[in-house]
Amino acid sequence: DETDTGETSPLILDLGNDSVTVAGDIDVGTTAAGETNNIAGVTTASGVGSNLVVKGGDATGTNINGGYLLIKPGMGVGTGASGDIHLQTGPAGSSGTSQNTATTVLTCTSAGNVAIANDLDVDGTTNLDAVDIDGTVQIDGAVTIAGYDLTVDTNTLFVDASADRVG
C-alpha cells in the first residue's frame with residue numbers, strides 16, 4: 001500500500017533526468033586511516049571526460065542570495081593543524097594516449113597563506129594589504145601608493161618625499 005504520509009522522502013531517484021535528489025546531508029567517507037575518497041566525473045563512451053560541478057544552491061524568487069560554496073580540509077586535533085587546500089591542473093603534454101600529470105597551481109595553507117605556483121594575472125583595480133613577491137613583477141597600468149600615482153618610464157624610478165612625488 002503506497003499511501004502518501006506527507007513525509008519527505010530522504011532519497012529520490014529521477015531516472016528520466018539522470019538525477020538523484022537527497023533531502024539532507026550526504027556523507028561519503030571511510031573509517032580507515034589514510035584512505036582517500038574520490039568523487040569524479042566519468043569518462044564518456046567516446047573517451048571524453050565529463051564535467052564535475054560542485055556548487056552552492058541557487059536562489060529562487062526576487063533579490064535572494066544564492067548559497068555559498070565551502071571547501072574545507074580535514075581538521076587537526078590539539079596542536080595539529082588542518083590540512084591544506086590544493087588546486088591542481090594538468091598542462092598539455094605531448095601527443096599520445098597517456099593522461100597528463102596534475103600539478104598543484106594554488107595552495108591555501110592552514111596558516112592562511114595562499115601560494116600560487118605560476119603567474120598571477122589580475123585585471124581591473126586591486127587593493128592589496130600585504131603582498132610578499134619572490135620574483136619579477138610586471139605591472140601594465142597605473143599604480144597608486146598611499147594616494148600617490150606611481151609612474152615608471154624607461155629605466156627611471158624615483159621618490160621625492162619633500163615634494164610629495166614618486167616618479
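Modeller: A patch is made of residues with over 30% relative accessible area and no salt bridge, and nonpolar side chains are joined within 5 Å. Keep in mind that this is a predicted model.

Biologist: Which residues form the nonpolar patch on the surface?

Modeller: Ile26, Val28, Ile39, Leu52, Val54, Leu69 and Ile71 form it. Together they have about 730 Å² of accessible area.

Biologist: Why is Ile71 called exposed?

Modeller: Exposed means over 50% relative accessible area. Ile71 has 53%, so Ile71 is exposed.

Biologist: Where does Ile71 lie?

Modeller: Ile71 is in the loop between strand S2 (19-22) and strand S3 (85-89).

Biologist: Now Thr107. Why does Thr107 count as buried?

Modeller: The cut-off for buried is under 20% relative accessible area. Thr107 has 13%, so Thr107 counts as buried. Thr107 is found in strand S4 (residues 103-108).

Biologist: What makes the pair of Thr107 and His86 a polar contact?

Modeller: A polar contact needs a pair of N or O atoms within 3.5 Å, one able to donate a hydrogen and the other to accept it. The side chains of Thr107 and His86 make such a contact at 3.4 Å.

Biologist: Which residues is Thr107 in contact with, leaving aside neighbours within four places in sequence?

Modeller: Asp84, Ile85, His86, Asn113, Val114 and Ala115.

Biologist: How much of the protein is buried?

Modeller: Buried residues make up 4% of the 167 residues. The accessible surface comes to about 15,200 Å², and 49% of that belongs to carbon and sulfur atoms.

Biologist: What does the secondary structure come to?

Modeller: Zero helices and nine strands.

How values were computed: Residues are numbered from 1 along each chain as its sequence is written. This is a predicted model: local features need pLDDT of at least 70, side-chain atom pairs count only at pLDDT 80 or more; totals for chains, interfaces and linings use all residues. Side-chain values use heavy atoms; hydrogens and water are left out. Patches are made of residues with over 30% relative accessible area and no salt bridge: like charges are joined within 9 Å, nonpolar side chains (Val, Leu, Ile, Met, Phe, Trp, Tyr) within 5 Å. Accessible areas come from the Shrake-Rupley method with a 1.4 Å probe; for residues, only the protein chains shown count as cover. A salt bridge is a side-chain nitrogen of Lys or Arg within 4 Å of a carboxyl oxygen of Asp or Glu. Helices (H or I, at least four residues) and strands (E, at least two) are DSSP runs, numbered from the N terminus. Buried means under 20% relative accessible area, exposed over 50%, partly exposed in between (1.4 Å probe, protein chains only). Contact means heavy atoms within 4.5 Å.
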